[in-house]
Amino acid sequence: MLLQKIEESKNIIISSHINPDGDAIGSGLGLYLALTKKYPDKSIRFILEDKVPYNYSFLKGTEKIEKFDELKDEPKADLFIVVDSAVFKRIGKVADLRKDAFLVNIDHHISNDNYGDLNIVKNISSASEVVYGVIKDLGIEIDALAGESLYTGIVTDSGNFQYDSTSMDTFRIAGELLALGIDRDNIINEVYRSRTLGFIRTLGIALSEMKIDNEKKLVSFLLTKDFMTKNNIQKDETEGIVEKLLEYKDCEVAVFLKEEGNGKIKGSLRSKRDIDVNEVAKAFDGGGHRKAAGFTTTLTEEEIIKIIKEKI
Ligand code: 5GP
Ligand code: MN
């Protein structure tokens, strides 16, 4: 079905969610690189609302990713493929480009609402792992360039092979990608050991000022717009802080809140064991996975924490 749709389409647009993470970039870029190599005569574009975060821009091919606000024309689509997004509206303004194009939804979130005309949704480590299978099923060979991108998505969304979504297949696929000759050490250095001073300082504040609710085993921290402005911290410089909050031994759920400056707060939830934070995120119209979920809300910090405590 997908193969036929690709072959009969002249114009293909790939997109992924706002505030893209390693898996959004990795899965979208992996698919983009595989399709452009196999179909050089088609117009294939990878368009995101936001720019590529600084710690993923080392990936070869990211220079081809287009930012919605900087488009020089109105891209056409016969086929519109969304990766790593549980709901269609999470791709932001790029959604306007779909028009009447056939919609393909490639994802791995349990909260996915099957918004596509074709849905390829599997409850596995990452959208990148799903895309790996999709490219193979299309009969396209994965080269080191696409492999580097998919490997980065798998590493980041599995928490460097820590989360329980990491299966034997995840390791097998990661192994097959390594066999292509990709530079695993460089990927880890670029993604995890190239933090800006802004990130390090924010992490310091978060760890020293986090609030602890001993009864609920909840750890929370609000990053204010004011702190971000004063310290020149960009919105792509805070990924990974919530996982650090979860490291506290008496923490079962960690929540990292970030003021966006438009009256909204972006929330990131992580759970260590049994508490399902996908359910908690739903209270704010968000979603994700059982152990990692997020949301955006106009509620205040106090209101958010009150609701979370009621839910856990
Ligand atoms: P993060 O907290 O790192 O932004 O996201 C954790 C997980 O929840 C990711 O899989 C992400 O895609 C998902 N997620 C984050 N924010 C939202 C949201 O507002 N809506 C939905 N449906 N999923 C989200
Ligand atoms: Mn993902």
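Which residues are the protein donors of the manganese ion, ligand 2? There are four names to remember: Asp23 (OD), Asp84 (OD), His108 (NE2) and Asp157 (OD), lying 2.1 to 2.3 Å from the ion. A donor here is an N, O or S atom within 2.8 Å of the metal, or 3.2 Å for Na, K and Ca; water is not among the atoms, so sites may look incomplete.

Some ground rules. This is a predicted model, where local features need pLDDT of at least 70 and side-chain atom pairs need 80 or more, while totals for chains, interfaces and linings use all residues. Residues count from 1 along each chain as written, chains are lettered from A and ligands numbered from 1 in written order, and side-chain values use heavy atoms, without hydrogens or water.

Back to the metal. The donor residues follow the spacing D-x60-D-x23-H-x48-D in sequence. Take Asp84 and His108, which are 24 residues apart and link distant parts of the chain. Asp84 sits in the loop between β4 (79-83) and β5 (102-107). His108 sits in the loop between β5 and β6 (118-121). Strands, by the way, are DSSP runs of E, at least two residues long; helices are runs of H or I, at least four; both are numbered from the N terminus.

Are these two buried or exposed? Asp84 counts as buried, at 1% relative accessibility. His108 is buried as well, with a relative accessible area of 1%. Buried means under 20%, exposed over 50%, and partly exposed in between, using a 1.4 Å probe and protein chains only.

Now ligand 1. It has 13 residues around it, and the closest are Arg90, His109, Lys266, Ser268 and Arg270. Being near means having a heavy atom within 4 Å. By class, this shell has 3 nonpolar, 7 polar and 3 charged residues. Nonpolar covers Ala, Val, Leu, Ile, Met, Phe, Trp, Tyr, Cys and Pro; charged covers Asp, Glu, Lys and Arg; the others, Gly among them, are polar.

Look at the oxygen atoms of ligand 1. A polar side-chain atom of Lys266 lies 2.8 Å from one. For Arg90 that distance is 3.0 Å, and for His289 it is 3.2 Å. Taken alone, ligand 1 exposes 490 Å², and the protein buries 85% of that. Those areas come from the Shrake-Rupley method with a 1.4 Å probe; for residues, only the protein chains shown count as cover.

Which strands supply at least two residues each to this shell? They are β10 (265-271), β11 (287-288) and β12 (292-297). β12 gives the most, with 4 residues.

Next, β10 itself. 7 of its 7 residues are buried, so the strand is largely enclosed by the rest of the structure. Lys266, Ser268 and Arg270 point one way, and Ile265, Gly267, Leu269 and Ser271 the other.

Finally, the sheet. It is open, with 6 strands in the order β7-β8-β9-β10-β12-β11 and mixed pairing. Its edge strands are β7 (211-213) and β11, each pairing on one side only. Two strands pair if DSSP finds at least two bridges between them. β9 (residues 253-259) runs antiparallel to β10, with 7 bridges. There, Ala254 stands opposite Arg270. On to β12: it pairs with β10 over 6 bridges, also antiparallel. In that pairing, Ile265 faces Thr297.

Methods: Polar contact = N/O pair within 3.5 Å; in protein donor to acceptor, adjacent residues only side chain to side chain.
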